[in-house]
Amino acid sequence: MLTTELAEPVARLQGVTKKIGSKTLVSDLTLDIPAGQIFGFLGPNGAGKTTTIRMMVGLISISRGDILICGRSIKDHFEEAVSHVGAIVENPEMYKFLTGYQNLRQYARMVSGVTKQRIDEVIKLVGLDNRIHDKVKTYSLGMRQRLGVAQALLHRPKLLILDEPTNGLDPQGIRELRDYLRRLCQQEGTTVFVSSHLLSEMELMCDSVAIIQNGRLVDVRQLKNIGDTVVAAAETLFEVDQAETAMALIGRGIVKEGGLVLEVTREEIPALNELLVNGGVKVYGIRALSRSLEDQFLEMTGGEGIG
Amino acid sequence: MGKFSGLIHNENIKIYSRARTWVMLLILAVMSALMPVLFYFSASDKSHLMGLWETFQMTVSVAFFLNTIFTVVVASDSIAGEFSWGTIKLLLIRPWSRSKILLSKYISMVLFSLLSTVVLIAFGLGSAYLFSSQTGDVMTSLTGWSPSAYSFMDLLFRYVELFLTATLAFMVSSVFRASGLAIGLSLFIIFAKNLIVIIFNPDRYEWAKYLLFTHMDLRVYLSSDTGPGGVTLGFSIAVLAAYYLLFLLISWIVFRKRDVAA
């Protein structure tokens with residue numbers, strides 16, 4: 001059936017393990033990366049993110065398990081599997097003695113079907129039009145990052161893998177990266193797999209996120225589940241002058257510094273507010289106390305050092 | 001999937017877009033052209049000038065050192081350069097097997113060695129033609145070869161030596177990912193091999209017949225039927241071929257299996 005075809009994950013990591021000597025860098029990692037998403041890969045430094053990415057693109061061997069890209073094993077059918085992948089592993093290193101354009105031509109020659117128009121299109125997408133004919137040694141880190149994304153996109157990969165893409169980018173650069181990854185995902189249907197240790201950044205960028213620590217998968221969760229946030233009750237703080245009175249009026253909640261905290265759904269809020277105001281309580285503010293991913297992340301991985 | 005010729009084209013661009021490559025070729029051209037001029041003006045008496053082929057051969061004997069060194073530089077940088085630039089990570093994630101990428105690098109290196117040898121011949125021979133005596137060469141009678149044939153056999157055998165040295169450099173570059181080591185080791189071999197042959201003389205040690213160094217200089221066969229230790233040309237070629245295949249095999253196995261974590 002067509003629907004199941006579409007629902008098939010772009011990449012499947014099946015019990016992937018990487019051992020070097022007696023050290024296990026990645027341990028029994030099983031993860032499906034669904035199509036059409038921006039999928040985050042989150043973990044502290046040394047957790048095994050880059051090692052996993054290197055295995056996904058065949059730069060290093062897989063000790064145990066396998067990785068399928070569009071259903072083809074990266075171990076047994078490397079050329080076929082990797083042809084669906086565009087990637088930047090760590091820093092975007094380019095031939096500094098060539099121009100940006102010559103660099104792109106290098107990679108265009110290595111696949112079939114990349115036309116001159118496609119090269120120009122990609123250059124425009126990453127916004128390098130003005131400097132593309134300059135030598136790469138004159139580029140700033142941000143520009144090299146853009147060129148890196150451009151080379152990864154040339155052959156219209158189904159899966160774009162970016163390892164710490166926001167490293168060394170200024171806030172504007174990060175924002176732009178976020179915007180064009182989003183555009184890419186929506187317009188070309190490219191699945192983006194992006195690793196980072198910057199949690200707040202992941203929250204803004206990704207649809208789902210997998211959390212890895214000490215080479216093990218800790219959790220996979222969806223971030224942008226719009227339906228959920230509307231319906232689910234969230235801890236909400238009512239900033240009021242008389243918290244005790246407020247609790248008496250509503251009949252539940254916990255008195256905290258600054259007001260009353262209780263679990264409510266979004267729909268309940270206006271009625272509760274009215275109740276408080278009519279009861280003579282001054283309401284200065286109402287806000288949800290949703291924990292950021294960062295809190296959850298630290299909670300999950302907290303207390304353990306790089307090991 | 002693209003075409004294999006595209007890979008070789010890529011490698012050629014990486015070689016010839018660098019100023020260094022053109023500086024090396026320029027030095028080689030100047031050196032080859034300059035030697036006959038020096039011989040011409042240092043001759044005390046114009047009646048004692050060397051003939052065309054003699055002048056050319058003297059030029060080659062000096063300039064070919066440079067040719068070997070420059071080819072070794074290119075061979076050493078071919079793989080090690082990608083590692084030190086970090087570009088290896090982008091190169092190896094294309095839909096090409098590592099074997100083919102390695103082969104394209106090797107072919108482009110061999111093409112460079114051919115180009116530089118042609119430059120050496122063109123400038124050396126051209127200059128020797130202008131700055132030599134027109135009365136002919138005296139070395140003819142020595143070997144039974146005609147002077148021109150002798151000169152080109154001499155070149156061919158020198159090229160074999162260059163070819164092996166460059167392949168060795170290519171292997172070291174693949175195994176250790178360090179161009180400095182590859183260049184250093186190859187230069188050491190270029191300069192120390194004669195000394196090694198003297199120390200481990202195949203006339204004295206039977207096993208020395210199987211050393212690479214003993215056979216690298218095939219030019220002994222131009223004037224003699226037997227080589228070092230009394231072996232034949234065929235034996236020497238077999239030993240060289242065995243080492244050549246070994247170097248390629250090691251480069252290939254290491255490059256194919258390597259975990260790229262640079």
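**Figure 1. The surroundings of Arg178(A).** Leaving aside residues up to four places away in sequence, Arg178(A) touches Glu201(A), Leu204(A) and Met205(A). This view, like the others here, comes from a predicted model. Arg178(A) belongs to helix α7 of chain A, which covers residues 171-188. One of the neighbours is also a polar partner: the side chains of Arg178(A) and Glu201(A) make a polar contact at 3.4 Å. Is Arg178(A) buried or exposed? Its relative accessibility is 18%, so Arg178(A) counts as buried, the cut-off for that label being under 20%.

**Figure 2. Where chain B meets chain A.** Here we step back to look at the interface. Chain B brings 32 residues to the contact and chain A brings 28 residues. How much area is buried between chain B and chain A? The figure is about 2,800 Å², and carbon and sulfur atoms give 59% of it. On the chain B side, Leu90(B), Ile93(B) and Arg94(B) stand out: they supply 23% of the area that chain B buries against chain A, more than any other three residues. The size of an interface is often given in just this way, as the accessible area lost when the parts come together.

Figure 3. Two salt bridges are found across the interface of chain B and chain A. One of them joins Glu90(A) to Lys89(B), with the closest N and O atoms 3.3 Å apart. Which helices of chain B each supply at least two residues of the side that touches chain A? They are α1 (4-16), α3 (52-85), α4 (88-91) and α5 (98-130). Of these, α1(B) gives the most, with six residues. By residue type, the side of chain B that touches chain A divides into 15 nonpolar, eight polar and nine charged residues.

**Figure 4. Glu90(A) and its partner within chain A.** Glu90(A), seen above with Lys89(B), also forms a salt bridge with Arg54(A), at 2.8 Å from N to O. Glu90(A) sits in the loop between β6 (85-88) and α4 (100-109) of chain A, while Arg54(A) sits in helix α2 (residues 49-56) of that chain, so the pair ties together parts that are 36 residues apart in sequence. The two partners fall into separate accessibility classes. Glu90(A) has a relative accessible area of 30% and is partly exposed, whereas Arg54(A), at 8% relative accessibility, counts as buried.

**Figure 5. A salt bridge between two strands of chain A.** The side chains of Glu239(A) and Arg287(A) meet in a salt bridge, with 3.8 Å from N to O. Glu239(A) is in strand β11 (residues 234-240) and Arg287(A) in strand β14 (residues 283-288) of chain A, so this pair connects parts that are 48 residues apart in sequence. Glu239(A) counts as partly exposed at 30% relative accessibility, and Arg287(A) is also partly exposed, at 45%.

Figure 6. Lys193(B) and Glu161(B) meet through their side chains in a salt bridge of 2.6 Å, N to O. This pair links distant parts of the chain, with Lys193(B) in helix α8 (residues 179-199) and Glu161(B) in helix α7 (residues 147-176) of chain B, 32 residues apart. Lys193(B) is buried at 6% relative accessibility, and Glu161(B) is buried at 15%. In chain A, salt bridges that share partners join Arg118(A), Glu121(A), Arg156(A) and Glu188(A) into one network. Over all chains, the structure holds 29 salt bridges.

**Figure 7. Strand β4(A) and its two pairings.** Strand β4 (residues 64-69) of chain A runs antiparallel to strand β1 (residues 11-20) of chain A, and five bridges join them. In this pairing, Leu13(A) stands opposite Ile67(A) of β4(A). β4(A) also pairs in the antiparallel sense with strand β5 (residues 72-73) of chain A, over two bridges. Which residue of β5(A) is the bridge partner of Leu68(A)? That partner is Ser73(A). β4(A) and β5(A) form a hairpin with two residues between them, and in the turn Cys70(A) has a positive phi of about 50°.

How values were computed: Residues numbered from 1 in each chain as written. Chains lettered and ligands numbered in written order. Predicted model: local features only at pLDDT ≥ 70, side-chain atom pairs only at ≥ 80, totals over all residues. Heavy atoms only, no water. Contact = heavy atoms within 4.5 Å. Buried area = accessible area lost by both parts, 1.4 Å probe. Salt bridge = Lys/Arg side-chain N within 4 Å of Asp/Glu carboxyl O. Helix = DSSP H or I, 4+ residues; strand = E, 2+ residues; numbered from the N terminus. Nonpolar A, V, L, I, M, F, W, Y, C, P; charged D, E, K, R; others polar. Buried < 20%, exposed > 50% of the residue type's maximum accessible area, 1.4 Å probe, protein only. Polar contact = N/O pair within 3.5 Å; in protein donor to acceptor, adjacent residues only side chain to side chain. Pairing = 2+ DSSP bridges.
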